[in-house]
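Please read this briefing alongside the sequence and the 3D view shown just below. The points that follow are grouped by topic.

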Amino acid sequence: MNLEKRQAFFELLRANNPHPETELEYSSPFELLIAVLLSAQATDISVNKGTKKLFQIANTPQALLDLGEAGVKPYIQHIGLFNSKGKHIQETCRLLIDKHGGEVPQNREELEALPGVGRKTANVILNTAFGHLTMAVDTHIFRVSNRTGLAPGKDVVKVEEQLLKRVPKEFLQDAHHWLILHGRYTCKARNPDCELCIVEPLCGFKQKTGKGKVRGNL
């Protein structure tokens with residue numbers, strides 16, 4: 001996809017959704033961090049269901065630490081991998097208090113040193129909470145980037161590097177959200193809604209059909 005098409009691609013996404021936001025519910029960088037930790041292999045809906053009640057009684061590192069794993073469990077036990085996530089939350093809260101004054105760090109190295117925080121999670125926090133021009137490549141962004149020809153790559157790091165180079169700078173702040181939402185609701189894995197896709201004329205996907213049905217999970 002050349003520069004002219006990439007410019008038009010994001011202009012269309014922006015026109016359709018001028019102010020994209022994460023679907024995770026949060027009111028502080030710390031709440032976002034906990035929500036993203038819980039969202040691995042889980043839906044945003046299931047995470048919001050738990051955090052809506054959890055954050056009403058504990059929404060700071062010290063409050064969650066005081067609650068303990070047993071106290072957090074009832075709020076997250078419907079979320080996949082809740083046992084390991086519960087441990088990560090406690091360990092993360094302890095490190096935030098001991099090393100960062102109870103605040104969420106604003107650089108990748110310190111974020112990735114927190115239990116359960118990988119590159120994707122760090123990028124989400126940096127972009128969404130602190131406004132950094134990062135790209136958190138999840139399965140949706142990986143699929144959209146490869147399928148459309150926007151930023152092809154064999155692994156998530158390569159796709160991230162390509163997106164940072166190929167997305168016009170004016171769109172970088174919001175591109176991560178646009179691409180996730182597009183992959184989640186339109187450019188779906190097995191049944192992409194090609195006939196309803198606003199960027200379909202710019203898309204290089206060769207298996208498009210009238211009903212948008214494809215084989216495989218790309």
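Histidine 182 is buried, with a relative accessible area of 7%, where buried means under 20% relative accessible area, exposed means over 50% and partly exposed lies in between, all with a 1.4 Å probe and protein chains only. This is a predicted model, in which local features need pLDDT of at least 70 and side-chain atom pairs count only at pLDDT 80 or more, while totals for chains, interfaces and linings use all residues. Residues are numbered from 1 along each chain as its sequence is written, and side-chain values use heavy atoms, with hydrogens and water left out.

**Histidine 182 and its surroundings**

- Histidine 182 has its place in helix α10; helices are DSSP runs of H or I with at least four residues, strands are runs of E with at least two, and both are numbered from the N terminus.
- Leaving aside neighbours within four places in sequence, histidine 182 is in contact with Leu13, Val144, Cys187, Cys197 and Val199, contact meaning heavy atoms within 4.5 Å.

**Cysteines and aspartate 193**

- A search of the whole structure finds 0 disulfides, a disulfide being a pair of cysteine sulfur atoms within 2.5 Å.
- Cysteine 197 is in no disulfide, and the nearest cysteine sulfur, which belongs to cysteine 203, is 6.5 Å away.
- Cysteine 203 is likewise in no disulfide, with the sulfur of cysteine 187 as the nearest cysteine sulfur, 6.3 Å away.
- Cysteine 197 is buried, with a relative accessible area of 15%, and cysteine 203 is buried with a value of 17%.
- Aspartate 193 is found in the segment after α10 (172-185), and this aspartate is buried, with a relative accessible area of 19%.
- Not counting residues up to four places away in sequence, aspartate 193 touches Tyr185, Thr186 and Lys188.

**Helix α9**

- Aspartate 155 caps the N-terminal end of α9, with a side-chain oxygen 3.1 Å from the backbone nitrogen of valine 157.
- In helix α9, which covers residues 156-166, the residues Val159, Glu160, Gln162, Leu163 and Arg166 are buried.
- An α-helix has 3.6 residues a turn, so residues three or four places apart point the same way.
- The buried residues of α9 pack against α1 (3-16), α6 (108-112), α7 (119-129), α8 (139-148) and α10.

**Nonpolar cores**

- In soluble globular proteins, nonpolar side chains tend to be buried together.
- The largest nonpolar core has 30 residues, of which Leu33, Ile34, Leu64 and Leu111 touch the most other members; such a core is a set of buried Ala, Val, Leu, Ile, Met, Phe, Trp, Tyr and Cys residues joined through side-chain atoms within 4.5 Å.
- Two or more residues of this core come from each of α2 (29-39), α3 (44-57), α4 (61-76), α5 (82-100) and α7, and α2 gives the most, with 8 residues.
- Isoleucine 34, leaving aside its neighbours within four places in sequence, is in contact with Phe55, Leu64 and Ile89.
- Another core, of 22 residues, lies apart from the largest one and has Leu13, Leu163, Val167 and Leu202 among its members.

**Valine 47**

- Valine 47 is found in helix α3 and is buried, with a relative accessible area of 0%.
- Not counting residues up to four places away in sequence, valine 47 touches Leu24, Ala35, Leu38, Ser39, Ala42 and Ile79.
- The C-alpha atoms of valine 47 and histidine 78 are separated by 8.8 Å, although these residues are 31 residues apart along the chain.

**Positive phi in loops**

- Glutamine 41, in the loop between α2 and α3, has a positive phi near 55° in a residue other than glycine, and it is exposed, with a relative accessible area of 72%.
- Leucine 81, in the loop between α4 and α5, has a positive phi of about 60° although it is not a glycine, and it is partly exposed, with a relative accessible area of 48%.

**Record annotations**

- UniProt places the feature "domain: HhH-GPD", from an unreviewed entry, at residues 38-185; UniProt positions are given in the numbering used here, feature names are shortened, and annotations may be inferred rather than shown by experiment.
- Over residues 38-185 the chain is 69% helix and 0% strand, with the end C-alpha atoms 21 Å apart.

Definitions and conventions: A polar contact is a pair of N or O atoms within 3.5 Å; within protein, one must be able to donate a hydrogen and the other to accept it, and residues adjacent in sequence count only if both atoms are side-chain atoms.
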